[in-house]
Amino acid sequence: MPWIVGVSGASGTPYAAAVLRALLAAGEAVDLVVSRASRLTLLDETGISFRDAHWQDDLRAWLARGADGKPGTFDVDVSGVRYWNAGDLAAGPSSGSYPAKGMLIVPASTACVAGVALGLSKDLLQRAASVTLKERRTLVVAVRETPLNGQTLRHLVALDDAGAVVVPASPAFYAGATHIQDLVDFVGGRVLDAAGVGHGLYRRWRGELGGGTADT
């Protein structure tokens, strides 16, 4: 069964790339939903146009790019990905009978958070998230916004009450980060931790002060 990965229009497409690479490296199947707004963000942050007719080539170029913008940093096999257009409300993930392990929304914009919390299902991303909640499957929402107003905070509480796991895109520094990719991978790793997917994206805390700088 696949993990559904939804990419909303919030800034933070490198977070989504880190999660996708790690899922594929772990041998997980992925169903990918890229919102219309996220295509604009992806173009702005990476210069890559995500096109339905050429999604495999565009996805490969995106995932090969490092968080510092350098192309060809990673070699990624995208054969484990199935892509669904965000406007296709008849797609597999729109139904509870479609088999899936759960869903990861990374990054999650405040508009996406509101839509899922209110059950609007205005596109496939929001519909798949609603289905994930009603089927009692794992839903991880990596919200990427600052500051957060009261309305968004209430929406996040509603998602928590509904069973979702809210993971702010908040990198930590105890893991000995020396590169922007390390900070991005920390957030991606925490998203996967919440989903119970094994990975090696960051150095874990082991109860030893200074452990993050031991071999740097």
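Biologist: Which residue forms a salt bridge with aspartate 58?
Modeller: Aspartate 58 forms a salt bridge with arginine 51, and their closest N and O atoms are 2.8 Å apart. A salt bridge here is a side-chain nitrogen of Lys or Arg within 4 Å of a carboxyl oxygen of Asp or Glu. This is a predicted model, in which local features need pLDDT of at least 70, side-chain atom pairs count only at pLDDT 80 or more, and totals for chains, interfaces and linings use all residues. Residues are numbered from 1 along each chain as its sequence is written, and side-chain values use heavy atoms, with hydrogens and water left out.

Biologist: Is aspartate 58 buried or exposed?
Modeller: Aspartate 58 counts as buried, at 6% relative accessibility, whereas arginine 51 is partly exposed at 40%. Buried means under 20% relative accessible area, exposed over 50%, and partly exposed in between (1.4 Å probe, protein chains only).

Biologist: How many salt bridges are there by this rule?
Modeller: The count comes to seven. Among them is the one between aspartate 57 and arginine 60, at 3.1 Å from N to O. These two residues are three apart in helix 3 (residues 55–63), so about one helical turn separates them. Helices (H or I, at least four residues) and strands (E, at least two) are DSSP runs, numbered from the N terminus.

Biologist: What does aspartate 193 form a salt bridge with?
Modeller: Its partner is arginine 204, with the closest N and O atoms 2.8 Å apart. That pair links distant parts of the chain: aspartate 193 lies in helix 7 (residues 180–195) and arginine 204 in the segment after helix 7, eleven residues apart. Salt bridges with shared partners join Arg190, Asp193 and Arg204 into one network.

Biologist: Turning to the rings, how many aromatic pairs does the structure hold?
Modeller: There are six aromatic pairs. Rings of Phe, Tyr and Trp (its six-membered ring) pair if their centres lie within 6.5 Å; planes under 30 degrees apart count as stacked, over 60 as edge-to-face and the rest as tilted. One of the pairs, tryptophan 84 with tyrosine 98, is edge-to-face, at 6.1 Å centre to centre and 90° between the planes. Tryptophan 84 lies in strand 3 (residues 81–85) and tyrosine 98 in the loop between strand 3 and strand 4, so the pair ties together parts 14 residues apart in sequence.

Biologist: Why is strand 1 largely enclosed by the rest of the structure?
Modeller: Five of the five residues of strand 1 (residues 3–7) are buried, so the strand is largely enclosed. Trp3, Val5 and Val7 point one way from strand 1, and Ile4 and Gly6 the other way.
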